[in-house]
Amino acid sequence: MPAPADRLTLSPDRLLPADPGTRAIARRLYAAVRDQPIISPHGHVPAQWLADDAPFEDPASLLLSPDHYVFRLLHAQGIPLEQLGVGPGSTPDTDGARHAWRLFCGRWGAFRGTPSRFWMETVLADVFGVADRPSAESADAIYDRIADALGRPDFRPRALMNRFAIDVLATTDDPVDDLSYHAALQQDSGFSHRVVPTFRPDKYLEPARPDFPALMAALAQASAIDTGSYAGYVAALADRRRYFKDHGAVSSDHSHLDVVTLTLDDAEATRIYSDAIAGRVSPQDATALRRHMLVEMARMATEDGLVMTLHPGVHRGHHTETTRRFGPDTGSDIPVGVEFTRGLQPLLDEFGTAQGFHLILFTLDETVFSREIAPLAGFYPSVYAGAPWWFLDAPDAVRRFRAATTETAGFYRTSGFVDDTRAFLSIPARHDMSRRLDAGYLARLVAEHQLEEDEALETALDLVTTVPTTAFKL
């Protein structure tokens, strides 16, 4: 019998293959990984949430305003961002939060077919026990149910961390951050999870930024190294990398418009850097220094052991007025095409076979999975194919990723799933989606007699344990 139209129901077979025989195999594989602890090596949940362990304020500030997947699509439906609690013009009081929630529920149909719907349904049903489908009519009842739950101790951040069985959670952090919240968690004997910072130096590697001189001053203060010279700049970055590693970091993360790399001689790098801190660098020179600094980051990685992850190909702040009013990461970032093979050759020529160097390549341009990333990962010991990210972490895109990369690179030259989210409560839902999709892909290989089921089972388990642990040196 179909469920009533107004009920929220989750099929136990969601995202598993439709063919009955293949589905039966997928069910067995999924059952083996469903309850495995979560390893989340790349994400954006603030460490402060776990250090303070303060109750979440309301459903909207927890589930809507931190999740750009959700609020950008609502914005596309004509809802101003400030009404969703995004940015400095938001309305964070209770009335504003309830209004935002009503706007979201009233446009639930806009999320049909999106991964956001899968994740949100899972959160609502599995975490909060919501049985009503979101709608204008059910909005207040759902809001009240969630708000009531958020007032209980078992819905505080640490209790949810336990409930979700998150073994490892990586945050993303500014190089000058003192990492005090990470230190507090590491020193707390009552906290058993591993929360690690990630060194994210993007803006410190972009000499064209108008605030670059101010950033260099902040870097100097944090490192106690004079950044008035290029040599001091490099030394300060290396110092902060060591600081992060001493506080548990395992990786550095880099997201620029492209991944073109080159090596400048010291004299040229010094000249460009001097122009940058004087505020007179040309666009061409600024780009050259940024591309040179990616090679420097790789060199430092061979020395300090941090895994290097690249997340290129995003035109950030595509809508100027939205970025001006609400700041970065407010929904108007748009993917662009990207090229890896020629762009990374200078870096890989120097460090591609360096002992212990790990380079994980992510992309928003899925045309490069089979053409470039999988072949690179299938040759270089250092290179791993990063899981589908951001605009590509949807079911069909994940399936295409497996098909595009496995034939060339196999399963063990990939990164393992990354949830890449600020939406804390959606982490289990996102990993569950990945586990279901991988179970389905492996089940097809078994059904087609390309794998035995015991091999598929071992691979399914490795994809949530050994593979991310190896790629990220956990």
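**A walk through the predicted model**

Leaving aside neighbours within four places in sequence, H68 is in contact with W390 and R422. The model shown here is a predicted one. H68 belongs to helix α4, which covers residues 68-76. Is H68 buried or exposed? H68 has a relative accessible area of 11%, and a residue counts as buried when this value is under 20%, so H68 is buried.

Next come the strands. An open sheet is formed by three strands, in the order β1-β2-β3, with parallel pairing. Its edge strands are β1 (38-40) and β3 (194-196), each of which pairs on one side only. On average, neighbouring strands in this sheet are turned by 10° against each other, direction ignored. Strand β2, residues 166-170, pairs with β1 in the parallel sense over three bridges. In this pairing, S40 stands opposite L169 of β2. The pairing of β2 with β3 is also in the parallel sense and has three bridges. Here V168 has R194 in β3 as its bridge partner.

How many of the five residues of β2 are buried? Four of the five are, so β2 is largely enclosed by the rest of the structure. Helix α18, made of residues 427-447, lies across β1 and β2 and runs at about 105° to β1.

Other strands pair in the parallel sense too. Strand β4 (residues 251-254) pairs with β5 in this way over four bridges. In β5, L310 is the bridge partner of H254. Strand β8, residues 359-361, pairs with β5 in the parallel sense over three bridges. In β8, I360 stands opposite T309.

M308 leads on to the nonpolar cores. In soluble globular proteins, nonpolar side chains tend to be buried together. The largest nonpolar core of this model has 59 residues, and those touching the most other members are Y233, L237, M293, M308, F340, L359 and L361. Which helix gives the largest share of this core? It is helix α13 (residues 283-304), with 10 residues. For a view of the surroundings of one core member, take F340. Leaving aside neighbours within four places in sequence, F340 is in contact with V259, P312, L361, F362, T363, V368, E372, I373 and L376. Another core, of 52 residues, lies apart from the largest one, and its members include L62, L81, A125 and L425.

Aromatic rings are the next topic. A pair of aromatic rings is described by the distance of the centres and the angle of the planes. The count of aromatic pairs in this model comes to 21. One of them joins Y233 and Y273, whose rings are 4.7 Å apart centre to centre with 15° between the planes, and this pair is stacked. Why does this pair tie together parts that are 40 residues apart in sequence? Y233 lies in helix α11 (residues 230-246), whereas Y273 lies in helix α12 (residues 266-277), so the pair links those two parts. Y233 is buried, with a relative accessible area of 0%. Y273 is buried as well, and its relative accessible area is 0%.

The pair of F351 and F357 is edge-to-face, with 6.4 Å centre to centre and 65° between the planes. F351 is buried at a relative accessible area of 8%, and F357 is buried at 2%. Elsewhere, ring pairs link W49, F56, F164 and F424 into a cluster.

R240 lies over the face of Y243, at 4.3 Å from the ring centre. In another case, the charged end of R430 sits over the ring of Y69, 4.8 Å from the centre of that ring.

Terms used
Residues numbered from 1 in each chain as written. Predicted model: local features only at pLDDT ≥ 70, side-chain atom pairs only at ≥ 80, totals over all residues. Heavy atoms only, no water. Pairing = 2+ DSSP bridges. Axes fitted to C-alpha atoms, helices over the stretch in contact; angles between N-to-C directions. Contact = heavy atoms within 4.5 Å. Phe/Tyr/Trp six-rings, centres within 6.5 Å; stacked < 30°, edge-to-face > 60°. Buried < 20%, exposed > 50% of the residue type's maximum accessible area, 1.4 Å probe, protein only. Lys NZ or Arg CZ within 6 Å of the ring centre and 35° of its normal. Core = buried A, V, L, I, M, F, W, Y, C linked by side-chain atoms within 4.5 Å.
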